[in-house]
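Please consider the structure shown below.

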Amino acid sequence: MKSMKLQASSYPSSYSHFMSKRGRPSSPPTSTPPPLTPPPKQTPKPTSISKPRTHRSLSFSSPPLQWHPLSIPISELSLPLTLPTGQTFRWRRTSPSAFSGPIGPYLVSLRHHPEPSSPVSFHLHNPSSPSSAAAAAHNALREYLNLDVSLADLWHGFTDADERFADLARRFGGGARVLRQDPLECLFQFLCSSNNNIGRIEKMVGVISSFGESLGSVGGFEFHQFPTLERLALVSERELRDAGFGYRAKYIVGTVKALQEKPGGGVNWLASLRGLELPQVIDALCTLPGVGPKVAACIALFSLDQHHAIPVDTHVWQIATQYLMPELAGKSLTPKLSSCIADAFVAKFGKYAGWAQNVLFIGELPSQKLLDDKAGVSKSANKKQRIKKAAVELPLEGD
C-alpha cells in the first residue's frame, strides 16, 4: 500500500502580498545619507512561504488492521492447539500472536487479542467490499473451525470417560478443535503426508497451492486459493518430482485423474461422502491412488463430518497401548489391530471419538512443551525459531 502524503497548504494571497511589501529591515544609520529612491523590493523565497518548516510533507504508515471478533471464548478455540497440530498444513505464524491462511477465496489472519488467553478475532486481507466480504469470511470461518460444535460439552464427557484426557484438559483448558476443511484441499494435503514430516509436508502443500490464484502475502509468506481440479490436471508428474515430491507425485497425478472420472465430477463426489457411513467413506477414499486406511481416516475426520474416525498411525498406536489398551503393548501394528484400536476409542468416547483422539495426539507432540502457554508467544527471535523448529520435527507415519 502506498504511503499517504500530507501536502502543505498555501498561505492566503493577502499574506503573500503583505510579505512582498515588507522588504528587508533598514540598515543602521551611517555617515553616508540614504538614497532618495527607496530600495528595491525584496521578494521572499517561495519556500519560506509556500512550504514553511512546520508544514513539510509528511509520510504516514498504513492504517491499522481492522479486526473482527469471532465471539468465542478461548476454551472453545485455541489457535496454537488447532492450526499447527497436523490437521492442515496451509497456515503460517505471521506474528507472535497471529496465524494467517486461506479460507476458500479469503486470506485471513486470526489472533488472540490482546493477550494469548483472550478470544479470537480475524482480519480479512483481501476484501472486495469491506462489509459484505467480512460477513462472508466470518461465515466461512465458522464452518471451517466447526464452531457449531460445543467443546465444553464434549470435553466434559471425555473427562469423565478417561483419566488421561482429564489430565490434558486441565493442562490445556480447552480450545483444541477439529477442523472442517474443504474435502479436495484436505485430500491432497494428506496425500503429501505419507512417511513425511510437517516441514516437508508444508513445502509440498505450498507447491500444490501455488497453482491456484494468488491471494496476497502476509508476514513474508505467499498465500493462494487452493487450485481447482481442472488446474491440477495440468500439472505433470515430472513437475512434482522436480519439486521434491518423490513417489507421491504419481499418487497426486493419479488421484486427479481418478476424481475427474467420477460421475458428476470429483468435487461433488467428495462432498457426497459426507452423507455416508464411515466404513463406506473409508472404502470410497481408498479407491484413490495413494490413499490407505490411515490417510482416509484423516480426510474423513478433518473434512467429511466423520467425527468418530480414528486415524491410527504409530503415534496413536503408542497412545492406545499406553493409556487405552495396555494389553497390546509389545505387539506389532496390523490392519486388524488398527480396527480394534479405532473401535476402542469409539467405545470409550462415543460419536465424537475423533475429537478426543485428536487431543490425546496433541498431548504427545514433541513441541507441546512450547504450546503449553496456549499461544506460543515468543519473547525473542530465538524463541520463535525454536517454536518453528519444534513444529516441523513431528513425523507423520504413512500407511
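Two strands pair if DSSP finds at least two bridges between them. Helices (H or I, at least four residues) and strands (E, at least two) are DSSP runs, numbered from the N terminus. This is a predicted model, in which local features need pLDDT of at least 70 and side-chain atom pairs count only at pLDDT 80 or more, while totals for chains, interfaces and linings use all residues. Residues are numbered from 1 along each chain as its sequence is written, and side-chain values use heavy atoms, with hydrogens and water left out.

**Strand 6 and its partners**

- Strand 6 and strand 7 (residues 120-124) pair in the antiparallel sense over five bridges, and Arg-111 has Ser-121 in strand 7 as its bridge partner.
- Strand 5 (residues 98-103) also pairs with strand 6 in the antiparallel sense, over six bridges; here Pro-102 stands opposite Leu-107 in strand 6.
- The hairpin of strand 5 and strand 6 has two residues between the strands, and in this hairpin Gly-104 takes a positive phi near 60°.
- Seven of the seven residues of strand 6 (residues 106-112) are buried, so this strand is largely enclosed by the rest of the structure. Buried means under 20% relative accessible area, exposed over 50%, and partly exposed in between (1.4 Å probe, protein chains only).
- From strand 6, Tyr-106, Val-108, Leu-110 and His-112 point one way, whereas Leu-107, Ser-109 and Arg-111 point the other way.

**The largest cavity**

- The structure holds four cavities of 30 Å³ or more. A cavity is a set of points, on a 1 Å grid over the protein atoms alone, where a 1.4 Å probe fits but cannot get out.
- About 150 Å³ of space lies in the largest cavity; a volume is the space filled by probe spheres set on the points, with grid points joined across faces, edges and corners.
- The largest cavity is lined by 14 residues, and Gly-86, Cys-298, Phe-302, Pro-311 and Phe-361 lie nearest its centre. Lining residues have an atom within 4 Å of a point.
- Helix 13 and helix 16 (353-362) each supply at least two residues of this lining.

- Most residues other than glycine have a negative phi.
- Asn-146 has a positive phi of about 55° although it is not a glycine. Asn-146 lies in the loop between helix 3 (130-144) and helix 4 (151-161), and is buried, with a relative accessible area of 9%.
- Asp-305, also not a glycine, has a positive phi of about 65°. Asp-305 lies in the loop between helix 13 (293-303) and helix 14 (314-324), and is partly exposed, with a relative accessible area of 26%.

Technical notes. On a 1 Å grid over the protein atoms alone, a cavity is a set of points where a 1.4 Å probe fits but cannot get out, and a pocket is an open set with protein on both sides within 12 Å along at least five of seven lines; lining residues have an atom within 4 Å of a point.
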